[in-house]
Amino acid sequence: MLRVVRTWNRWVGVSGYDVNAGEPNLTNELGVEIAHKLIGDDSVEVEVESLSTWAVNHMWATNNTAGRIFCVGDAVHRHSPMNGLGSNTSIQDSYNLAWKLAMVLKGQAGTGLLDTYRQERVPVAEHLIDRVSRSNHLIPPMFMALHLPPTSDEAMLSSSLATLNSHSADSTSFREAFDQALHGTLMCYNSHGMELNQYYQSTGVVTDGAEAPEPPRDPEVYYFASTFPGRHLPHVWLTKDQRQVALFDLCGKGNFTLLTREINEAWPSMDLGIDRKVVSIGRGCDFEDSYGDFAGISEIGEDGAILVRPDHMVAWRSAAAGDAPAADLEGALRAILAR
Ligand SMILES: Cc1cc2nc3c(=O)[nH]c(=O)nc-3n(C[C@H](O)[C@H](O)[C@H](O)COP(=O)(O)OP(=O)(O)OC[C@H]3O[C@@H](n4cnc5c(N)ncnc54)[C@H](O)[C@@H]3O)c2cc1C
């Protein structure tokens, strides 16, 4: 397999080896030989930057925290490259942890906030490993449909492909079986839901006790937009001075952000000595909801509010201002920040 790193002259090449024969000696010559084999042209000049071995794993750490040590990335979840979720999940671990560390170190949050790193990210790792291992099983049926045993025999490969491409009636069932197996591999690649539907149930989010909404479609495949606490803030386009602005860009950057709608005076500017912002969205507000999308996805009334964590996860929300909005907001923040 060849994967482009920088078009068109920097690549990652992947080649298998017989594990029973032990790890190969990773020499420069071996790298050049593998590259030439992959591209089928020995005349191309190849410069090897680095070589390493790796194996398909199926493991996650049931604990990612020990005292002052927090583990992120492949150190705590390892799996095959199927679904392409390794780097994303690793970066998300750090994104989840960094603001918590900052707030605890600045004295803005209690150390209890750091416990939420384990509460939130270990279940994500477990789900990821499970999803990816199910994806691993989707590839072999493609080869079975081609009646191919694991082989590098070129004659055998060519003969299977020839049957697939032949225009005879005999090859119809061959093609049907192959197309079905090919369709089955879609889940190896289409996994938007795995990245965007991560849902945190921890002391780092506060709900009003209502049941969490159920995604209407397969949550591993399709993104489910909701502002239920613990879910990722949905994306919508807003407008400022006739320019398009992403809701995402109004939040984060170390701040807690309170999103409000038209009747926004009910909500105080939060002051618990933390980095925070209040942003109103709607007619006559800080940002225009030109397409009505925020009103559509916010799941709050005109006097409601959504509190967004620095990592763009919904921390808390209130459908309406209620009798004591300031106290409600402060209560939620104190709980989240373990203060
Ligand atoms: C073939 C392949 C394809 C992949 N494709 C995708 C993809 O399409 N999409 C995707 O999201 N992910 C993909 N991944 C997964 C992704 O590469 C990893 O999940 C990601 O690199 C993990 O990042 P990390 O920082 O946790 O660990 P690493 O990238 O492994 O970084 C750890 C670093 O620590 C260094 N190190 C180790 N020990 C020590 C030590 N004692 N002292 C100092 N330094 C040390 C290592 O040299 C390394 O540089 C793929 C992985 C493979 C193998």
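Predicted model: local features only at pLDDT ≥ 70, side-chain atom pairs only at ≥ 80, totals over all residues.

Trainee: Which domains does the assignment give?
Mentor: Domain 1 (1–55), domain 2 (60–136), domain 3 (140–188) and domain 4 (192–339). Such bounds come from an automatic or database domain assignment. The centres of domain 1 and domain 4, taken over C-alpha atoms, are 47 Å apart.

Trainee: Which residues are around the ligand?
Mentor: Among them are Val14, Trp54, Asp74, Pro81 and Asn88. A residue is near a molecule or strand if its C-beta atom, placed from the backbone, lies within 6 Å of it.

Trainee: And how many are nonpolar, polar or charged?
Mentor: Five nonpolar, six polar and one charged. Ala, Val, Leu, Ile, Met, Phe, Trp, Tyr, Cys and Pro count as nonpolar, Asp, Glu, Lys and Arg as charged, and the others, Gly among them, as polar.

Trainee: New topic: what order do the strands of the four-stranded open sheet have?
Mentor: The order is β10-β9-β11-β12, with mixed pairing. The edge strands, β10 (276–280) and β12 (314–318), each pair on one side only. Strands here are DSSP runs (E, at least two residues), helices are runs of H or I with at least four, and both are numbered from the N terminus. Two strands pair if DSSP finds at least two bridges between them.

Trainee: How many bridges join β11 to β12?
Mentor: Four, and the two strands run antiparallel. Valine 308 faces valine 314 of β12 there.

Trainee: Which residues have the most contacts inside the largest nonpolar core?
Mentor: Leu307, Val308 and Ala315, in a core of 35 residues. Elements supplying at least two residues each include α2 (86–105), β11 and β12. Domain 2 and domain 4 each give at least three. A nonpolar core is a set of buried Ala, Val, Leu, Ile, Met, Phe, Trp, Tyr and Cys residues joined through C-beta atoms within 7 Å.

Trainee: Is valine 44 buried or exposed?
Mentor: Exposed, because 10 other C-beta atoms lie within 10 Å. The cut-offs are 20 or more for buried, 12 or fewer for exposed and partly exposed in between, with C-beta atoms placed from the backbone. Valine 44 sits in the loop between α1 (28–39) and β3 (59–60).

Definitions and conventions
Residues numbered from 1 in each chain as written.
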